[in-house]
Amino acid sequence: MNDTPAVARTSTDLRRVLIPLALAQFICSFAGSNMNVMINDISEDLDTTVQGVQTAITIFLLVMAALMIPAGKLTDRYGRRRCFTVGLVLYGIGALMSAAAPGLGVLILGNSILEGVGTALLIPPVYILTTMLFTETTSRARAFGVISALGGVGAAAGPLIGGLITSAVSWRAAFLFQAVVVGVIVLLSRRIEDPVPADPTRQFDTRGAVLSAVGLVLVVMGILAADESGWLMVALLALGAAVLFWFFRSVIAMERAGEEPLLSTSLFHNRTSNLGLITQSAQWLILMGVSFVVSAYLQVVRGYDAISTGVIFTAATVGLLVSSLAAGRLAQRLAQRTLILAGFAISTSGIALLLALVTGSSNAWAFIPGLLMIGVGLGTMLTPSVNVVQSSFSQDRQGEISGLSRSVSNLGSCLGTAVAGTILVAGLTTTPERGYGLAMAALGVVGMAGLAAAARLPRAAATRSTSATDPVQQT
């Protein structure tokens, strides 16, 4: 295989490669949100609680976030296509196990662990391959637009599709649906070839992988423990912070010794990329936080079934789909900074509407305007945020930055379910309206923080194509 990524490919070949990559992002995002509408069904069938289902969802997102950086590094050593295929197989096994789960423990093993590990392995190759294969700015923006659109639609439409399947058949059939889609992706991905060969001699920082994963797990566990024990929460957060500090000290020591750490500190020297990572995390935190809070509130407090909850979420799906698919054309006309700013402004306004119209109203239509605006806002900025980060680094850094980028995004998803979900669940049985309001207010604060980060992005951020010889962009 040629050592350079400049392999001639027709537009038809690229479209054939893009289809399985985009479908992979769709099904992984779908898995992160479709369980939100199955809360009552799963808790009754498996004899567990709302908090138990929230824990399963959060662990799935957490496993992805914790393993995304190590998985990104493994793509350099074992190859992007191989990691993609292994991830799909693990995901499919986990989906089948979840469909047959007799209790919450097996569901967590299948969905949260196996599907989480599978996702961590297959998602970095999606973004690395897209960056390597689509070398022209406009074509890459369109490719990321399709991937981000299907990822966002998977997350936003997860409640609707999951609700339809759950109401028509069973919540278990939703996991069979995932397994079928994964099988289709495996067949379609046979045409994918690595633009550059794997390097089996590439060093892998095992200690760093363990420390980073343990640190993130402890931090999120601390957040989940907030409604159980304040002291336990503080202890877990402090321990998690200490382990992450140990991890970064280990990284610095390895760099000084001339070794290759799990995560190079030079990745954080790029101001544009740092701000882009913040916006990515905030976007997914808002999407998954809103998805869980609204779904749980509708089912537990309002008494809606899975299909009714999913139908209400159609507003967010439509908004996100329309704006995401327009991302390629918008990228040609507007600066990516402008798109990200507009996205946060629209999404934060949507959260404000969910607060103003829903609180004190029993009308289901009160949810529609806010969800529609959130969908439009997120779809507007998902693609430019990804492109800002990926295009800030040269070809040989794509494994590292892709793993970091996906880890930060999934950590945002995890925190969205953990933070907003914990606030809601804490008052779900006693003061549901107050719990809903506080959870939405917290998401609004995240939206404002994302808007502030976007405002600091350079006006011409990441408007170029990345090639193997591109220097690292310092802004």
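The following conversation covers the cavities and salt bridges of a predicted model.

Trainee: What should I know about the model before reading values from it?
Mentor: The model is predicted, so local features need pLDDT of at least 70 and side-chain atom pairs count only at pLDDT 80 or more, while totals for chains, interfaces and linings use all residues. Residues are numbered from 1 along each chain as its sequence is written, and side-chain values use heavy atoms, with hydrogens and water left out.

Trainee: How many cavities of 30 Å³ or more are found?
Mentor: The search of the whole structure gives three. A cavity is a set of points, on a 1 Å grid over the protein atoms alone, where a 1.4 Å probe fits but cannot get out; lining residues have an atom within 4 Å of a point. Volume is the space filled by probe spheres set on the points, which are joined across faces, edges and corners.

Trainee: What is the volume of the largest cavity?
Mentor: The largest cavity has about 150 Å³. It is lined by 16 residues, and the closest to its centre are Gln25, Ser29, Met64, Trp284 and Asn410.

Trainee: And which residues line the second largest cavity?
Mentor: Its lining includes Gln25, Tyr127, Trp284 and Arg406. The second largest cavity holds about 70 Å³ of space. Helix 6 (137-168), helix 10, helix 15 (368-390) and helix 16 each supply at least two lining residues; helices here are DSSP runs (H or I, at least four residues) numbered from the N terminus.

Trainee: Changing topic, how many salt bridges are there?
Mentor: There are six in the whole structure, each being a side-chain nitrogen of Lys or Arg within 4 Å of a carboxyl oxygen of Asp or Glu.

Trainee: Which residues are linked in a network of them?
Mentor: Lys73, Asp76, Arg80, Asp194, Arg202 and Glu260 are linked in this way. Lysine 73 and glutamate 260 meet at 2.6 Å, N to O. This pair links distant parts of the chain, 187 residues apart, with lysine 73 in helix 3 and glutamate 260 in the loop between helix 9 (230-256) and helix 10.

Trainee: Are lysine 73 and glutamate 260 buried or exposed?
Mentor: Both lysine 73 and glutamate 260 are buried, where buried means under 20% relative accessible area, exposed over 50%, and partly exposed in between (1.4 Å probe, protein chains only).

Trainee: What other partner does glutamate 260 have?
Mentor: Glutamate 260 also forms a salt bridge with arginine 202, with the closest N and O atoms 3.0 Å apart. Arginine 202 is partly exposed, because its relative accessible area is 23%.

How values were computed:
On a 1 Å grid over the protein atoms alone, a cavity is a set of points where a 1.4 Å probe fits but cannot get out, and a pocket is an open set with protein on both sides within 12 Å along at least five of seven lines; lining residues have an atom within 4 Å of a point.
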